[in-house]
Amino acid sequence: MDDVKSAKLFLLDMDGTFYLDETLLPGALEFLQICRETGRRFAFLTNNSSKSKADYLAKLTRLGAQVTQEDIFTSGDATLQYLAENHFPQELLLIGTQSLETQFAAHGYVLNAPQPKAVVLGFDTTITYEKLTRLCNAVRAGLPYIATHPDYNCPVQGGFIPDIGAVIAFVKASTGRMPDAVIGKPNGYIAKAASEKYGVPLEQVCMVGDRLYTDIALGACGCGTVLVMCGETSPEDLEKSRIVPDTVCRDLEHLGTLLLE
């Protein structure tokens with residue numbers, strides 16, 4: 001993307017971009033208003049499939065953002081779109097939280113079927129050894145195997161907790177198989193799915209985030225990218241990186257000023 005002003009849909013990362021824990025980052029709410037005033041769309045895009053849209057909406061509303069569930073797009077949403085497009089069977093072994101199970105059940109999927117025909121692995125903060133065993137057995141049996149996203153760790157207050165990527169590595173060690181498809185950032189499918197959902201051509205979609213290896217790497221699929229320097233990435237990280245954003249901004253306040261120039 002040669003000029004960020006040509007973007008018609010901004011996909012916004014949340015933690016480290018829009019807020020940090022329970023604190024809004026500079027220009028966050030104002031950026032949403034600028035999008036509205038200039039005829040652009042925005043959507044909050046997250047790899048984290050352990051929480052529902054309702055969970056994210058509750059937090060964003062608590063922080064003062066006037067948004068709806070329509071403005072939130074998760075790797076769980078993109079995975080459901082992928083399954084539908086590829087005519088997956090309804091009988092699934094789904095490894096995920098109650099929130100993810102509720103989301104899939106609402107779309108007609110039969111979860112934890114006695115004889116599942118496909119496997120979907122989400123970020124499951126309630127995972128048990130029994131679940132891991134069932135997962136490995138199903139993958140070892142050769143069932144189609146989809147993962148919602150690839151992150152190895154999930155940032156939390158005070159550090160990190162193991163994310164889905166660590167479970168993917170566990171399954172690979174046990175079964176020798178990697179997922180047949182991984183949906184979330186930096187894989188291009190999630191950007192293409194958002195492009196389709198919101199009716200904006202991919203070349204007019206721009207990912208805004210603070211991580212080079214997920215948010216900015218998404219640009220390889222053809223969307224634009226903006227790196228904000230208010231989260232994980234340091235100037236030193238950016239200088240050494242082989243992944244280069246189209247635009248670098250201090251924060252969403254800075255990006256908003258560029259749109260108004």
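Author: The crossing of H5 and H6 is right-handed. Handedness follows a simple rule: if the near helix is turned anticlockwise from the far one by less than a right angle, the crossing is left-handed, and if clockwise, right-handed.

A word on the source. The model is predicted, with local features needing pLDDT of at least 70 and side-chain atom pairs pLDDT 80 or more, while totals for chains, interfaces and linings use all residues. Residues are numbered from 1 along each chain as its sequence is written, and side-chain values use heavy atoms, with hydrogens and water left out.

Back to the pair. H5 covers residues 129-140, and H6 covers residues 164-175. Axes here are lines fitted to C-alpha atoms, for helices over the stretch in contact, and angles run from 0 to 180 degrees between N-to-C directions. H5 and H6 are therefore oblique to each other. The cut-offs are these: under 35 degrees is roughly parallel, over 145 roughly antiparallel, 65 to 115 roughly perpendicular, and the rest oblique.

Which residues of H5 and H6 meet? H5 brings Leu-132, Leu-135, Cys-136, Val-139 and Arg-140. H6 brings Val-167, Phe-170, Val-171, Ser-174 and Thr-175. This contact of H5 with H6 has seven nonpolar residues, two polar and one charged. In this scheme Ala, Val, Leu, Ile, Met, Phe, Trp, Tyr, Cys and Pro are nonpolar, Asp, Glu, Lys and Arg are charged, and the others, Gly among them, are polar. Contact itself means heavy atoms within 4.5 Å.

Now take H3 and H7. H3 spans residues 75-85, and H7 spans residues 189-198. Their axes come within 10 Å and cross at roughly 85°. That makes H3 roughly perpendicular to H7. On the H3 side stand Ser-75, Ala-78, Gln-81, Tyr-82 and Glu-85. On the H7 side stand Tyr-189, Ile-190, Ala-193 and Glu-196. The contact of H3 with H7 splits into five nonpolar, two polar and two charged residues.

H3 also holds Thr-79. Is Thr-79 buried or exposed? Thr-79 is buried, at 0% relative accessible area. Buried means under 20%, exposed over 50%, and partly exposed in between, with a 1.4 Å probe and protein chains only. Leaving out residues up to four places away in sequence, Thr-79 touches Phe-104, Val-120, Ile-146, Thr-148 and Ile-183.

Look next at the loops beside these helices. His-87 sits in the loop between H3 and strand E6 (91-95). Its phi is positive, about 55°, although His-87 is not a glycine. His-87 is exposed, at 70% relative accessibility. Pro-186 lies in the loop between strand E12 (181-182) and H7. The peptide bond from Lys-185 to Pro-186 is cis, with omega near 10°.

One more pair: H1 (residues 28-37) and H10 (residues 252-260). Their axes come within 8 Å and cross at roughly 25°. H1 and H10 are therefore roughly parallel to each other. The crossing of H1 and H10 is left-handed. H1 gives Ala-28, Phe-31 and Ile-34 to the contact, and H10 gives Leu-252, Leu-255, Gly-256, Leu-259 and Leu-260. By class, the contact of H1 with H10 has seven nonpolar residues, one polar and no charged.

At 24% relative accessibility, His-254 is partly exposed. Its C-alpha is 7.6 Å from that of Gly-27, a residue 227 places away along the chain. His-254 touches Val-248 and Cys-249, again not counting residues up to four places away in sequence.

Cys-154 is buried, at 12% relative accessibility.

Notes
Helix = DSSP H or I, 4+ residues; strand = E, 2+ residues; numbered from the N terminus.
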